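My entries follow in the order I checked them.

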Amino acid sequence: MAVPHLQQPSFLLASLKADCMNKPFVQRCHDLEIVIEDFPAKELHAIFPWLVETIFGSLDGVIVGWNLRCLHGRANPTEYAIALDFLDPSGPMMKLVYKLQAEEYRYEFPVSCLPGPVKASMQERVLPECSLYYNKVHFPPSGGLGSNLALNPFEYYMFYFAISLITQRNSPTTQHVSPSNNAYFTLVDTYLKWFLPTEGSVLPPPSSNPGGAISSPAPRSPAVPFTSYGMHHTSLLKRHIAHQPSVNADPASQEIWRSETLLKVFVEMWLHHYSLEMYQKMQSPQVKESFKPTEEHVLVIRLLVKHLHAFANSLKPEPLSPSAHSHTASPLEEFKRVVIPRFVQQKLYVFLQHCFGHWPLDASFRAVLEMWLSYLQPWRYAPEKPLLGAEPQPRSVSEKWAPFIQENLLLYTKLFVSFLNRALRTDLVSAKNALMVFRVAKVFAQPNLAEMIQKGEQLFLEPELVIPHRQHRIFMSPTLGGSFLSSWPPAITDASFKVKSHVYCLEGQDSQYKQMFGLEVRNLVLRLAQLIGQAQQTAKSISDHSAETMASQSFLSWFRFVPSDMNGCYTGNDLDEIGQDSIKKTDEYLEKAQEYLCQIFRLNEAQLTQLMMNCGTAQDENGKKQLPDCVESETGLILTPLGRYQIINGLRRFEIEYQGDTELQPIRSYENATLVRLFFQLSSAINQRFADQMEILCSREDFIGRLCRYHLTNPFPAERNRHSPVLKQRSRRSPQPRISLRFLASYRTLLSLCMIYFFASWFCVGPLACTFIILLGYLLYAVVMTFFTERWKPHQH
């Protein structure tokens with residue numbers, strides 16, 4: 001782009017805006033690269049906010065920008081590659097950021113676009129606990145929401161990049177394409193690997209001057225000493241915004257200020273949408289949910305969690321001498337040591353608590369589940385590699401991970417209980433839901449993991465008096481505010497105090513801890529095991545019914561009589577996915593999940609068998625599912641809590657059938673509508689004309705009376721309502737004798753009669769003679785059935 005250096009910044013901005021409307025994407029990126037390379041920082045300063053908004057979209061979501069979430073390598077390979085090169089940590093955009101960074105320019109970011117808890121804190125003019133906001137908040141004289149943050153170019157760029165995941169989530173995306181394959185997801189991964197490297201150190205910013213490198217500014221972090229990490233810090237949380245801590249230029253922080261800033265921005269923008277106080281308020285049904293994370297949002301957080309585990313696990317082994325540690329540890333090594341407990345733990349816990357309680361009960365919860373399981377297994381991202389040639393087998397969780405498990409106890413125990421409550425309300429016949437139960441059970445069944453969790457619970461429940469002089473000890477650890485490069489605290493070996501600090505920090509001093517291996521949770525596990533067994537039976541019945549249906553299909557199936565009830569059909573969520581393969585997977589997942597649950601909670605087969613028998617999971621004599629668990633009252637059947645769970649899971653259901661006048665039931669698909677109406681009028685006329693005579697005939701006690709009762713009344717009036725939740729008064733009505741000709745309107749009956757007349761014509765039997773033979777045959781059949789019916793039927797007259 002040949003633009004003279006003497007042009008004013010306003011003309012440069014207008015020219016770039018015009019090119020944005022008229023030139024293709026590839027040409028625009030090439031021109032921008034030339035502008036960034038040739039123009040001085042003073043002129044680039046004016047176009048920087050516009051360029052960031054053009055790339056990542058506006059904060060209100062109106063301007064989509066480059067829409068990186070919809071940019072995929074397979075669909076748009078050229079644009080995808082150019083966008084990644086332009087936004088690469090060593091690409092033109094970052095060169096622009098560092099060029100402006102050297103001049104110490106500041107850019108305003110509106111407070112109203114920050115996450116809810118941060119915005120609410122600043123509305124009250126209270127300084128947020130994260131040091132990212134220190135010495136950056138500027139209120140207008142009038143106050144209110146018109147305040148802004150004064151950010152340096154690197155912070156401004158990362159704020160826009162991170163928040164575009166939230167602001168642009170309503171923009172159209174490419175269907176049937178995995179979110180992990182788009183340009184935004186790839187850039188997140190690239191930035192994490194560049195600024196939080198697992199090997200080596202963070203590369204210095206590129207130099208724009210041939211003579212020397214640009215000096216990076218010191219992080220805007222206050223010199224606030226560490227306070228107790230395990231307690232609530234009212235003095236820090238309630239620091240008034242007018243008294244923001246002064247910043248200091250710590251030379252040791254020069255090396256990793258970009259790493260710390262990037263992580264703080266990612267955590268604040270992606271995780272800090274719920275505070276502990278806000279989460280407690282949201283438990284009330286009157287409070288509306290303020291922020292709803294998407295599946296793509298959760299996938300990006302999982303990528304962050306996985307990389308942070310790898311980043312923290314790349315820490316070099318600690319020297320034996322404490323003095324050697326204080327002299328040799330680099331700022332990056334110190335950063336790795338505190339990155340998860342200080343930056344991520346609390347906000348991730350509250351975020352997961354919200355998702356477990358508010359996410360829909362469908363298969364999309366798998367994204368949240370896998371993100372949670374990734375955080376629980378830091379050993380998966382350790383540099384240790386299995387021995388070559390060794391057979392794959394469940395690897396025991398090493399004792400070296402016991403401190404991590406103890407200091408994250410609530411994320412193992414409380415969230416496991418929350419998952420149990422979700423699993424009890426989901427349809428376990430669905431293969432996707434069964435897979436989630438299997439995944440959780442498999443992770444927690446890893447050898448030695450359950451024992452370490454149980455030990456952590458024992459440490460938390462340990463009485464205070466067991467360890468003397470605890471009241472004089474202060475557990476020192478980094479808080480969420482301040483720079484982590486302050487004076488390093490001495491190591492604390494009191495494991496019980498660490499566990500208590502973790503629980504009280506996340507739940508408060510008055511929290512009631514529910515033991516994962518206590519009686520209450522064990523009963524939940526037994527209920528889940530019972531529902532797993534019921535789901536397996538349901539899956540088996542679906543498989544058997546499907547096999548029978550496939551075997552009985554024929555080209556005349558549309559003439560076949562279709563039952564009016566659907567009592568044998570599955571009514572779960574994923575009807576479109578029910579098939580032999582899905583049923584087989586469901587059975588495998590549930591069987592392994594039950595096996596893992598038995599390992600975790602030391603259940604034996606006798607307990608499970610007895611539970612199934614007591615809860616009535618066995619099938620009845622007809623091979624059909626029993627009614628849901630209920631009690632009988634004066635007004636009918638009342639569901640118990642177990643019965644509600646059975647209906648929600650699709651494990652049992654009431655056999656709902658038509659209880660009204662059979663002559664007035666809706667016309668079926670296997671009936672001719674015109675004939676149904678015609679025969680109904682004919683039957684009604686006959687019944688009205690000969691009602692008294694039919695009543696007298698049916699009241700006789702001889703063979704004629706029995707024959708009339710068989711034809712003119714329902715032979716099993718009580719059997720019809722045996723499996724239906726009807727009122728007792730309704731089931732005691734005595735049927736009135738009448739004639740019903742509706743069966744003649746059935747296509748199956750008509751087809752049968754036509755075939756009989758057709759075959760009779762082959763034997764030279766005319767229509768009248770054939771009709772006489774049919775009536776005679778039916779009479780003989782009726783006589784035989786009358787004898788058998790009277791013998792089986794209990795005496796009712």
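I call a residue buried when its relative accessible area is under 20%. The model is predicted.

**Entry: H15.** I looked up helix H15, residues 366–376. It is mostly covered, with 10 of its 11 residues buried. I listed the buried ones: Ala 367, Val 368, Leu 369, Glu 370, Met 371, Trp 372, Leu 373, Ser 374, Tyr 375 and Leu 376. I then asked what covers the buried residues of H15. The cover includes helices H12 (295–313), H14 (331–358), H16 (402–407), H17 (409–423) and H18 (431–444).

**Entry: H17.** I went on to H17, one of the helices in that cover. H17 is mostly covered too: 13 of its 15 residues are buried. I checked its length. At 1.5 Å a residue, H17 should span 21 Å. Its end C-alpha atoms are 21 Å apart, so the two values agree.

**Entry: H17 against H19.** I compared the axes of H17 and helix H19, residues 449–461. They come within 10 Å and cross at roughly 100 degrees. I therefore noted H17 as roughly perpendicular to H19. Leu 409, Tyr 412 and Thr 413 of H17 meet Leu 449, Ile 453, Gly 456, Glu 457 and Phe 460 of H19. I sorted the residues of this contact into 5 nonpolar, 2 polar and 1 charged.

**Entry: Asn 148.** I found Asn 148 in strand S3, residues 148–151. Is Asn 148 buried or exposed? Its relative accessible area is 19%, so I logged Asn 148 as buried. Leaving out residues up to four places away in sequence, Asn 148 touches Glu 108, Phe 109, Pro 110, Val 111, Lys 136, Val 137 and His 138.

Methods. Residues numbered from 1 in each chain as written. Predicted model: local features only at pLDDT ≥ 70, side-chain atom pairs only at ≥ 80, totals over all residues. Heavy atoms only, no water. Buried < 20%, exposed > 50% of the residue type's maximum accessible area, 1.4 Å probe, protein only. Helix = DSSP H or I, 4+ residues; strand = E, 2+ residues; numbered from the N terminus. Contact = heavy atoms within 4.5 Å. Expected span 1.5 Å × (residues − 1). Axes fitted to C-alpha atoms, helices over the stretch in contact; angles between N-to-C directions. Parallel < 35°, antiparallel > 145°, perpendicular 65-115°, else oblique. Nonpolar A, V, L, I, M, F, W, Y, C, P; charged D, E, K, R; others polar.
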